[in-house]
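Student: Hey, I'm new to this one. Could you walk me through it?

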Amino acid sequence: MVEEMNSAVADSMEQNMKAQAAFVESWADAVEDTIPKEEDLADGMDGYNRAYEEWIDAAEQMVERSTDAAQGEDVDPAEFRDIWLQSANEAFKHVMGTSAFAAANGQLVESMMEMQQEADDLSQDALEQMGFPTRNDVDEVAERLVELERRQHAVEQKLDRILEHMEE
């Protein structure tokens with residue numbers, strides 16, 4: 001049983017380290033093209049330090065519970081998973097709550113919107129070159145249709161008034 005627990009702990013720790021590395025790598029990728037303000041950078045580092053402390057606390061808890069299991073205490077394997085899940089949630093909150101993360105996210109969204117606009121422009125150009133109606137063409141037809149409906153409604157109201165006058 002101790003062997004299985006040690007194996008489970010080792011696997012859990014390895015998965016956690018991989019998750020930490022992936023998280024830090026993705027966070028670094030998100031902020032690498034940005035030049036954050038000094039206070040944002042300090043806030044980001046503080047958030048990362050707090051996240052790191054969460055992971056260290058989780059590792060210490062894992063060692064304690066592994067020791068308890070090795071000494072014969074009945075330790076539910078799900079407890080190990082819960083320790084890492086809770087520490088990951090707390091760590092992510094520390095990092096994602098920083099102004100550096102918010103600034104990086106803002107830049108990412110802005111870049112994605114620019115790319116979406118470029119793709120939209122390319123698709124509209126392609127449609128136009130193939131002779132299909134573009135969004136602008138459809139918008140123009142829709143505006144004309146709305147104007148025709150408005151005029152038709154005005155004509156119907158005038159006809160109703162004329163008919164009312166004639167009936168009197």
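Student: How many positive and negative side chains does the protein have, and how far apart do the centres of the two sets lie?

Tutor: There are 12 positive and 43 negative side chains, with the centres of the two sets 12 Å apart. Lys and Arg count as positive, Asp and Glu as negative, while His and the chain ends are not counted. Each charge is placed at NZ of Lys, CZ of Arg, CG of Asp or CD of Glu.

Student: What kind of model is this?

Tutor: It's a predicted model, where local features need pLDDT of at least 70, side-chain atom pairs count only at pLDDT 80 or more, and totals for chains, interfaces and linings use all residues. Residues are numbered from 1 along each chain as its sequence is written, and side-chain values use heavy atoms, leaving out hydrogens and water.

Student: What pLDDT does the protein average?

Tutor: The average is 82, and 92% of the residues score at least 70. pLDDT is the predictor's confidence in each residue, from 0 to 100.

Student: Where is confidence lowest, and where is it highest?

Tutor: Helix H1 (residues 2-31) is lowest, at a mean of 72, and helix H5 (residues 135-167) is highest, at 95. Where pLDDT is low, the predicted coordinates should not be read in detail.

Student: OK, the fold now. How many helices and strands are there?

Tutor: You get 5 helices and 0 strands. Both are DSSP runs numbered from the N terminus: helices are H or I with at least four residues, strands E with at least two. The protein is more spread out than a compact globule, because its radius of gyration is 31 Å, well over the 15 Å that the globule rule gives for 168 residues. That radius is taken over C-alpha atoms, and the rule is 2.2 Å times the number of residues to the power 0.38.

Student: What box do the C-alpha atoms fill?

Tutor: Roughly 105 × 45 × 40 Å, along the principal axes.

Student: Let's zoom in. What does Glu 54 touch?

Tutor: Glu 54, in helix H2 (residues 38-70), touches Ser 87, Glu 90, Ala 91 and His 94, not counting residues up to four places away in sequence. Contact means heavy atoms within 4.5 Å.

Student: And Ser 87, is that buried or exposed?

Tutor: Ser 87 sits in helix H3 (residues 77-96) and counts as buried, because its relative accessibility is 4%. Buried means under 20% relative accessible area, exposed over 50%, partly exposed in between, using a 1.4 Å probe and protein chains only. Across the protein, 21% of the 168 residues count as buried.
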